Amino acid sequence: MRLNGDARVGVRAAGALSRFGLAWRGLGAALAAGEVSPGSGEVALAAADDAGDVKQRRLMSRAARLGAVAARLALREAELPVGTAREDVGTFMGVGASGGEPAQIEALVAASYQDGGFSLARCGHEGLAAATPLLAFQLMNNFTLCHGAILEGVGGVNAALFSRGAGTVLALAEAMAALAHGDCALALAGGADSALHPATRAELEREGHVAGGLMCAEGAGLLLLGPATGARVVIDGCWLWPAAARARGERDAARALDGLGDLALAAERDVGDGFDVVVVTGWGHAAADRLLAVATRLGRRVIDAGAGLGETLAAAPALAWLVALDVLGTTAGDGARALVLSAGCDGALGAVTLQSMAGVAGFMKGA
Amino acid sequence: MSAAPGERRAWVRGAGAVTALGADWPTSVRALAEGRSAVAPVTRFDVTGFPSQVAAAIADLPGGEREDRRLALAERAAAEAWAAAGAPTGRLGVFVGAESGRATFATVLALSRAAGGGKTFDHARFGVDARALAPSVDAAAVSPGAVASALAGRYGAEGAARTVSLACASGSAAVVEAVRALRQGVCDVALAGGVGADVDPFMLAGFGLLGALTARGTSCPFDVRRDGFVVGEGAAMVVLAVDRAGARAEVAGVGRTLDAYHLTAPDPEGNGAVRAMRAALADAGVDPGEVGYVQAHGTSTPLNDAVEAAALQRVLHGAGRARVSSVKGALGHWIAGAGALGLLCALQAVEHGVMLPTAGLREPDARCALQHVMGEAVRGLPVEIALANAFAFGGANSSLVVRRCA
């Protein structure tokens, strides 16, 4: 279903971290040229690029750290006028299940063993003493959003939506609605996540995604959205088709993806065709293949973002939007249109359409 | 984004809750109205050595032995709300405030053994042994989205199924999402609320490490003796719909903000909370002086209660005529479910004229000078407008305004 009604928003700036590095400009071209190789390593963060200070980073999950950097990059790129009230900036993010730093969990568990067994009483003393007092702040999902908001002083309307793909599309729809209703002047929208945490990776293996070709990765992507007027690129469509399997109570992820092909056909009916570029991101080869089959009918040029960036979970749709943004801004002409199709692990399908506006000079700040 | 005449509104068609004081909401209300508290020593597991050893836990929860306790709680609350609403028809959306679930302690123990028994953490061994355990672990136990997905499947929701993870504001923010979705036409009926199932060793450890839990073993919001919160568990759900049918109240206004201040401490000025409350009141088109009752976030922590009280005084101009209470004195803090429980308490005030008391509150702190509801419930004072607050670790704030409708 279409989530944004008639609402249109302009893209004012963006921030991204991925296997491509700490940038989104050039991402589309690099992916199209096969210059971004799939892999499962962490995004390299130089000290100068990292979020907060050492003490603050001790409180962050990996996803929170990535999200905080992306927020800073987007806000810096926007070059907001001095005096811009950041309490009027909303934040809407798709977030994953934050995992505590393995070292902290290890320390707590290890110190809790007694005579070969786990002792709760020992956990209460030695276990707790071995872990950071602020471990809870690594564990709660909302901190993926809150760390960046605190560091950047962003205080507007907000929502952290759990996402294995679909929630990030919902976050964008929420941001568009908030802007349309005047709840905020600007809004950060996107996602941050890591599939590299041991618990998350084990979960993905259990569900059969890794065997299906999913390449675990990490990343973050945030758009800074504002009014459409005067924007070089606007987002004018946001759809989500819930997984058909959900209505049957289906929880088997592999089977849930079976319905993705039908949803892609629904998307084909609803979003139109003739796109200059279609970007897809899916869960492993099986999902991506279903999307690619439709994408080639809808657009002249197709880019598989997941093939180069790996599976970044809640960040994946947002990074795919940035791929489209880059293509629109760098290689497509005025009036060019892009479609982004993103699949969630439960078989939900999201679609976002972007358009570069004719007669608007420049391509956001820094162009 | 208040609803103008003719616009789609979020009518409250039904409510349900399972709490430590009752298997359904009416039973819970009767106990709450008498000022009873469910806070008691933890007996479900060994808490020797833990900084706080009390909780508001639910005993004898049917199905509670399952891998994911959240589902057992949420399904019961949803069933009650759905029945109370008369099983409405229309495009259904599901909106749940939930954090990550946790595997049972037995599973965690097995995983830790797979890591080498605790003396060292053997990554290679963990990679082999822990993953071999994977098929026996219900995925729902760890996914925040599992509750919304399960409820969506149960009630045939073909529209939105959203999981909001905003810590202690999750349940309230999920209701915000539902209201927005109804207004925008994304769905016609919304099953919304929150669930918390945090009476387990790891949450007691995590919040204990933080120093946020009571060492004294009491939950007494706004009292001079308060020294931390008590973990509780439960689920609260409402059914909202654009078709009023026999509804007597609506969620008329919503507001969400971020403190953008500090990770562990609330903004001492309460600016984020103030903005959230004002946004919700403005959204409802309500003057602060019209508020008759506030279900406060009121966690029983020294700083948070004082900051919220000051924020309420600012918003309500010296607290106005509004009576204030916090259900956490009786049922502890449900974390992701807390905001939804707060909404039910606010609804109780506007729908039935029953303002539930703050259990445990005997001597109000001078820094929390409000018109507290103490002892037993206040009845017989019609409440037209009520406000329900939820403020989260990390500085996410969510406020809801409910209105009685003749």
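The questions and answers below explain some of the terms used for this predicted two-chain model and set its values against their definitions.

This is a predicted model in which local features need pLDDT of at least 70 and side-chain atom pairs count only at pLDDT 80 or more, while totals for chains, interfaces and linings use all residues. Residues are numbered from 1 along each chain as its sequence is written, chains are lettered from A and ligands numbered from 1 in the order in which they are written, and side-chain values use heavy atoms, with hydrogens and water left out.

Q: Why is A:E79 called exposed?
A: A residue counts as buried under 20% relative accessible area, as exposed over 50%, and as partly exposed in between, with a 1.4 Å probe and protein chains only. A:E79 has 53% relative accessibility, and therefore counts as exposed. A:E79 lies in the loop between α3 (62-78) and β2 (89-95) of chain A, and has a positive phi of about 45° although it is not a glycine.

Q: Is B:I335 buried or exposed, and what makes it so?
A: The relative accessibility of B:I335 is 1%, so B:I335 counts as buried. B:I335 sits in the loop between α10 (328-331) and α11 (338-352) of chain B, and its phi is positive, about 55°, although B:I335 is not a glycine.

Q: What makes helix α7 of chain A mostly covered?
A: Helices are DSSP runs of H or I with at least four residues, strands are runs of E with at least two, and both are numbered from the N terminus. Helix α7 of chain A spans residues 143-152, and nine of its 10 residues are buried, among them A:F143, A:L145 and A:I150. After α7(A) comes A:G153, whose phi is positive, near 70°.

Q: Why are α8(A) and α6(B) called roughly perpendicular?
A: Axes are lines fitted to C-alpha atoms, for helices over the stretch in contact, and angles run from 0 to 180 degrees between N-to-C directions. Angles under 35 degrees count as roughly parallel, over 145 as roughly antiparallel, 65 to 115 as roughly perpendicular and the rest as oblique. The axes of helix α8 (residues 166-180) of chain A and helix α6 (residues 170-184) of chain B cross at roughly 70° and come within 12 Å, and the two helices are therefore roughly perpendicular to each other.

Q: Which residues make the contact of α8(A) with α6(B)?
A: Contact means heavy atoms within 4.5 Å, and here it is made by A:E174, A:A177 and A:A178 of α8(A) and by B:E177, B:R180 and B:Q184 of α6(B). Ala, Val, Leu, Ile, Met, Phe, Trp, Tyr, Cys and Pro count as nonpolar, Asp, Glu, Lys and Arg as charged, and the others, Gly among them, as polar. The residues of this contact divide into two nonpolar, one polar and three charged.

Q: What makes α8(B) oblique to α9(B)?
A: Helix α8 (residues 271-284) and helix α9 (residues 302-315), both of chain B, pack at an angle of about 40° with their axes 9 Å apart, and that angle makes α8(B) oblique to α9(B). Residues in this contact include B:V274, B:M277 and B:L281 of α8(B) and B:L312 and B:V315 of α9(B), and the residues of the contact divide into seven nonpolar, one polar and two charged.

Q: How many of the residues in each chain count as buried?
A: Buried residues make up 63% of the 367 residues in chain A, and of the 406 residues of chain B, 66% count as buried.
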